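Please keep the sequence and the model at hand while reading.

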Amino acid sequence: MNKLYWLDQIKLQDRAKVGDKAFYLSKIIQRGYPVMPSFVVSAEILRQFLENLNSSESLVADLPHSSLHLDVTNWRQLQQVASRLRQEILTATVTQEWVSPIFQAAREWQTSCLILRPSLAVSTATPGINNNISGLLESVFCQCEPEAIALALKRTWSQIFRARSLLYWQHLGINLQQINLAVLVQPVENAIASGSLTTNPSGWEIEATFGLGIAIALGEVQPDVYYIQPETGVVLEQQLGNKILAYGVDDAAPKVFSQPLPNSALTPDRTCLITYLLPEAQQKQYSLQEEYLQQIIALGTQLVSELGKTFTIKWTIAEQTTSGKLYITQVSPSQSVIPHLHFIRGLGAAGGRVAATALVINPQQKPEQLPKGVILVIPTITPDWLPFLQQVGGIITEQGGLTSHAAILARELGITAVVNATSATTLIQTGERLLLDGDRGEVYRIKGDSKEEMERGREENLLSSHYPNPKAPHPAVTSHLPMIATQLLVNLSQSTLIEQVQNLPVDGVGLLRSELMVLNILNGQHPNSWILSGRQAELLELWSEQIMQFARAFAPRPVFYRSLDWRSQDLPSLRDSLESSPQSMLGERGTFSYLRNPAVFELELQALASVQQAGYTNVNLLLPFVRTVEEFIFCRRKVEQAFLTEVAQFQLWMMAEVPSVLFLLPEYVKAGVAGISIGTNDLTQLLLGVDREQGQLAKVFNERHPAVMSAIAQLIQMAKSAGIPCSICGQAPALYPEIIDKLVEWGITSISVEPEAVERTYQAIARAEQRIILAAARRKLN
């Protein structure tokens, strides 16, 4: 094997062999800065590995010399090619001649855990390409053992053949020969805190969390943030994050954490890490002690002379015997985000970044259509805006919380979004170029129209338009997922997303939102208007076909169709002209509206019956916002009259979102309910008396509030006692994956989340189940 490149030995001519990430680190370690000990596996090793792949398939045999020109618009072909190439790499053998020197070198660190970071160099004149791959290639953790190192190498290498990577290379005209992928190897030590420092002439920003930085990378914590004045190093403002868990190395419990949970287990695919829950008192503390905060600021001040005024470093404070030691783990001299501080901050509702032109809209003046790719800036969004959102690149609203309609729609459609951005329609002008960061909840202005900035924005859009959230699931990365016992379902409403979602590792559709689904066929009219104008048969046909698309795609997996749950103020353009009574905040919602006007509900049931008659028996009915047992019985009789119950597989469920269900569930079971699905959005709203649409009350609208969590636990226990399944389909598990531990422990039957949250929810379920198994094994041993 060619020699390993230690950072302090790398020279300028080695840059293509070690990649930019390692090269920049080598520059500063050679000037005396505290960089985490590291060495690099040369990009030449990957090239040799690809040349030695033993396969009869021409696609694989020609891989080292292929330009891989695919039809990236053919999504199915792109998935198949990516999956096949990655499978070939993951099943191939890495020779001991390569693995042994890596293992021997890593053993010198006396650590049980390693991190392998992709270090890329691309031979192309395209400006800024090496720094604009955020979310494209990810680091891989592994145990410091030969077999684990070999697998981690293959997983790191295989990422350049992901579907989104292939899309990116082809879009920029890059062929495989231009890609040099080295692997930066570093030890992983227990950390007091980790995070990043981002600098630019306008101001600095430090993010920090307890333990290892993977908690930030996975979006499992909201880090503490410190805003620093560059000239003086003074902390202008600091904001306490939301840190419930932390990561450490599994061979010893970090002192900074609480005692490890008795059911802690190795995290899936990161088998040398362990997750810790922080005690409640520590959650309310900042993760950086003053001395460490000042060390990071001082380090940043020194690095300005080396790297210029705009750069980002990732840092960690490694836990030593008596104190912590600050290390730099990554450095990027120029940010892929525009080097200006945000000028608007809101709530990050749907992740990703997008750069585009702003379009400021008055909701009372709804256009016939919106230009493709714009960032829509609007006071608020109601569900009837759905048909207009299909083409936009991003959304900014002045109102709304994380469970508002704008947030839910954006997450399902994969549109980067920031909500509760105060005065956005006043501060932003139509035609301005913006950078929208849905992870941080920030809006930046792109100043100037230089070729470099326009190119940067174009690349941001390339990644965001196909994978708006860097953590979003995609079929090319799900083959290695562990088995789970808890069912994982997906929330959907748009048939246009079926092809992308149906191959995700889900057990079916846990929530098919009818009110959003039918907006695509109503042409701006209320269903009552269709019925009163004699177009009932036409609407029935369209409605049935919409449901059938989901039934067909997911069969034999179940689809839980939730019948209409509209508030009239949600749909100002679809208000029934016959309706003149004033509406409350909650509106005439759910099953109560069926009693008042059963015609539309009866039409829905006919549509479900048509789907059954077409041979699809996997669609079940989920009743929304049920207030009383009498309402449920009324609906059950309507279901029976539509002959839906004559299909043995059919189940009639109800949403558990009105608090009265906590007292009435046994009565509902006696009345025939076959299962419940907990709607945490409305349950939280009603238990805490907080309107979910009001973003300024975001801190009060807390789905992890003890009252809400207690209600969820009670519902799961009551369902178990009654012998019926209990699912959860609200936003809580997706927004706060840390509660999945409790849901699994309490015995939740299934968890249903938006497509973008599938992979991280899958991993969280697996982690929770493994902890339970480990706890049981420990109890047996003791």
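## Overall make-up

Among the contacts in the chain with a separation of 6 or more, 70% are between residues 24 or more positions apart, a contact being defined as heavy atoms within 4.5 Å. The chain holds 27 helices and 30 strands; these are DSSP runs numbered from the N terminus, with helices (H or I) of at least four residues and strands (E) of at least two. Of the 782 residues, 60% are buried, where buried means under 20% relative accessible area, exposed means over 50% and partly exposed lies in between, with a 1.4 Å probe and protein chains only.

The model is a predicted one, in which local features need pLDDT of at least 70 and side-chain atom pairs count only at pLDDT 80 or more, while totals for chains, interfaces and linings use all residues. Residues are numbered from 1 along each chain as its sequence is written, and side-chain values use heavy atoms, with hydrogens and water left out.

Eight strands make up an open sheet with mixed pairing, in the order 15-22-21-17-18-19-20-16; two strands are taken to pair if DSSP finds at least two bridges between them. Strand 15 (344–345) and strand 16 (347–350) are the edge strands, and each pairs on one side only.

Within this sheet, strand 19 (residues 394–397) and strand 20 (residues 416–419) are joined in the parallel sense over three bridges, and Ile395 stands opposite Ala417 in strand 20. Helix 12 (residues 405–413) lies across strand 16, strand 19 and strand 20, and runs at about 45 degrees to strand 16; for such angles, axes are lines fitted to C-alpha atoms, for helices over the stretch in contact, and the values run from 0 to 180 degrees between N-to-C directions.

Another open sheet has six strands in the order 9-8-7-6-13-14, with antiparallel pairing. Strand 9 (235–239) and strand 14 (324–332) stand at its edges with a single partner strand each, so one side of each has no neighbour in the sheet. On average, neighbouring strands of this sheet are turned by 20 degrees against each other, direction ignored.

Strand 8 (residues 224–228) runs antiparallel to strand 9 and is joined to it by four bridges, with Tyr227 having Glu237 as its bridge partner in strand 9. Helix 10 (residues 290–307) packs on the sheet and touches strand 6 (191–200), strand 7 (203–210), strand 8, strand 9, strand 13 (311–319) and strand 14, its direction making about 140 degrees with that of strand 13.

## Cysteines

A search of the whole structure finds one disulfide, the term being used for a pair of cysteine sulfur atoms within 2.5 Å. The disulfide is formed by Cys113 and Cys272, whose sulfur atoms are 2.0 Å apart. Cys113 belongs to strand 3 (residues 113–122) and Cys272 to strand 12 (residues 270–277), so the pair ties together parts that are 159 residues apart in sequence. Cys113 is buried, at a relative accessible area of 0%, and Cys272 also counts as buried, at 1%.

For Cys144, the closest cysteine sulfur is that of Cys142, and the 7.4 Å between the two sulfurs is too far for a bond. Cys144 is buried with a relative accessible area of 11%, and Cys729 is buried with 2%.

## Charged side chains

The structure holds 25 salt bridges, each requiring a side-chain nitrogen of Lys or Arg within 4 Å of a carboxyl oxygen of Asp or Glu. Arg589 forms one with Asp682, with the closest N and O atoms 2.8 Å apart. Arg589 lies in the loop between strand 25 (559–562) and helix 19 (590–596), and Asp682 lies in helix 23 (residues 680–688), so the pair ties together parts that are 93 residues apart in sequence. Both Arg589 and Asp682 are buried.

Glu538 and Arg535 also meet in a salt bridge (3.1 Å, N to O); Glu538 is partly exposed at 37% relative accessible area, and Arg535 is partly exposed at 28%. Glu631, in helix 21 (residues 629–641), is buried yet has no salt bridge, the nearest side chain of opposite charge being Arg627 at 4.8 Å; here Lys and Arg count as positive and Asp and Glu as negative, while His and the chain ends are not counted.
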